[in-house]
Amino acid sequence: MSVNSSAATIATPIAAIHGLIRDAMRACNLSAADADRVAELMAEADLTGADGHGIFRLPQYVRRIRGDAVNTTPDIRAEIRGPSVAVVDGDNGMGHLVMSKAAETAISLARETGIGWVGVRGSNHAGPGALYAEMPVKAGMIGIYSAVASANHMAVWGGTEALLGTNPLAVGIPAGNGPPVLLDIATTVVSYGTVKGRVLQDKPLPEGWMVSKEDGAPLTDQTRTADGVLLPIGGYKGSGLALVLGILAGTLNGAAFGKEVIDFNADSTSATNTGHFILALDIARFMPPDVFAAVLSEQLASLRSGQTIAGMRIRMPGEQRTARRAERSSTGVPLAAPLLTQLDALATELGIATLSARV
């Protein structure tokens with residue numbers, strides 16, 4: 001473990017992070033296989049730079065499991081509704097497990113018919129969308145994922161009441177031997193996990209992230225985030241995108257949307273009935289995958305070689321994620337010192353080895 005004093009972070013080996021998450025899930029009565037799968041996906045979020053969705057979420061997950069808000073022994077079922085369509089009922093299990101089943105189902109359907117659309121209900125927070133958009137990519141397919149976020153932090157355009165979530169959109173496209181094109185965006189300027197990270201480190205929010213519910217003035221005080229709403233990307237366009245994604249991931253699947261959404265940050269005892277959807281599209285139904293990869297590689301190279309603004313470089317969606325994964329696999333994941341303290345306290349409470357002791 002190495003300390004970066006200027007940034008007040010501690011570089012932590014990924015094996016220690018995986019081990020702590022796994023043991024915490026086992027202490028919360030998940031099976032060994034389920035605990036390992038949750039740990040694998042949460043650690044992958046940390047490796048690839050989704051810092052608000054990896055081990056940062058562990059105390060919150062444990063709190064909700066211990067509050068009986070999450071089912072630790074779910075019967076996750078996929079019901080095939082047609083040649084290319086299925087619905088997964090997560091039985092209120094950990095979102096990572098529910099979405100793993102949904103992605104497997106979508107890929108299986110796409111192998112049979114060329115496309116698989118799987119809606120999900122009865123789920124929970126599942127981490128970053130890139131995890132699931134990438135699953136079809138690993139099968140040589142295009143993946144598209146969205147979800148109803150596990151709390152409402154954005155107003156419908158023109159309103160002041162938080163009725164929409166940060167509802168993400170993630171798209172993964174294989175690119176041959178190069179990094180996949182992997183877009184993973186919230187429909188707000190930043191995710192609420194990023195805001196929570198600033199609060200944990202007691203850092204002010206940059207202007208442009210949140211505005212006051214009362215008068216729409218910029219809100220930068222990290223102690224007053226409950227008084228604000230996140231701003232959408234692109235003004236009314238981001239609000240509209242969050243709305244339609246919420247309908248497709250929530251309403252269409254019999255999952256929560258709008259006022260029905262439970263704030264899992266504040267509520268540790270209620271089931272959230274979180275909804276998601278995932279789409280897998282078989283490239284081979286359009287052209288040979290190697291031809292697609294070759295053409296796309298040339299197109300991406302052409303885009304990268306375009307003229308740049310002074311001091312900037314062109315990068316494709318997913319490149320930074322791939323580079324960060326390689327770097328953090330070698331040097332460790334930077335964890336804020338307050339988070340490490342919080343995680344060590346949680347481990348002690350659960351009766352498992354602390355993160356500090358694991359390194």
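I take the expected span of a helix as 1.5 Å times one less than its number of residues. The model I am looking at is predicted.

**Helix α10**

I checked this rule on helix α10, residues 337-350. Its 14 residues should span 20 Å, and I find its end C-alpha atoms 20 Å apart, which agrees.

Next I asked which residues of α10 are buried. I list Leu339, Leu340, Leu343, Asp344, Leu346, Ala347 and Leu350. Looking down the axis of α10, I see these buried residues fall within an arc of 160°, so they line one face of the helix. I recall that an α-helix has 3.6 residues a turn, so residues three or four places apart point the same way.

On the face of α10 turned away from the buried side I find the exposed residues Thr341, Thr348 and Glu349.

What do the buried residues of α10 pack against? I count among the partners the strands β2 (9-12) and β15 (333-336). The helices I note are α1 (14-27), α3 (58-66), α6 (192-200) and α11 (355-358).

After α10 I come to Gly351, and I note that its phi is positive, near 75°.

**Whole chain**

I count 11 helices and 15 strands in the protein chain. The radius of gyration is 20 Å, close to the 21 Å that the globule rule gives for 359 residues, so I record the chain as being as compact as a globular protein of that length. Along the principal axes, I get a C-alpha trace spanning about 55 × 55 × 50 Å.

I find that 51% of the 359 residues count as buried. For contacts with a separation of 6 or more, I note that residues 24 or more positions apart account for 66%.

**Nonpolar core**

I looked up the largest nonpolar core, which has 63 residues. The members touching the most other members are Met25, Ile55, Leu58, Met94, Val118, Tyr132 and Leu355. Helix α4 (residues 95-113) gives this core its largest share, 9 residues.

I then followed Met25, leaving out residues up to four places away in sequence. Met25 touches Leu30, Ala35, Val38, Leu58, Val62, Ile65 and Met94.

**Ala33**

Is Ala33 buried or exposed? I place Ala33 in helix α2 (residues 32-47). Exposed means over 50% relative accessible area, and Ala33 has 58% relative accessibility, so I count Ala33 as exposed. I also checked Ala33 against Arg22: the two are 11 residues apart in sequence and 9.4 Å apart in space, C-alpha to C-alpha.

Methods
Residues are numbered from 1 along each chain as its sequence is written. This is a predicted model: local features need pLDDT of at least 70, side-chain atom pairs count only at pLDDT 80 or more; totals for chains, interfaces and linings use all residues. Side-chain values use heavy atoms; hydrogens and water are left out. Helices (H or I, at least four residues) and strands (E, at least two) are DSSP runs, numbered from the N terminus. Buried means under 20% relative accessible area, exposed over 50%, partly exposed in between (1.4 Å probe, protein chains only). The arc is that of the directions from the helix axis to the C-beta atoms. Contact means heavy atoms within 4.5 Å. The radius of gyration is taken over C-alpha atoms; the globule rule is 2.2 Å times the number of residues to the power 0.38. A nonpolar core is a set of buried Ala, Val, Leu, Ile, Met, Phe, Trp, Tyr and Cys residues joined through side-chain atoms within 4.5 Å.
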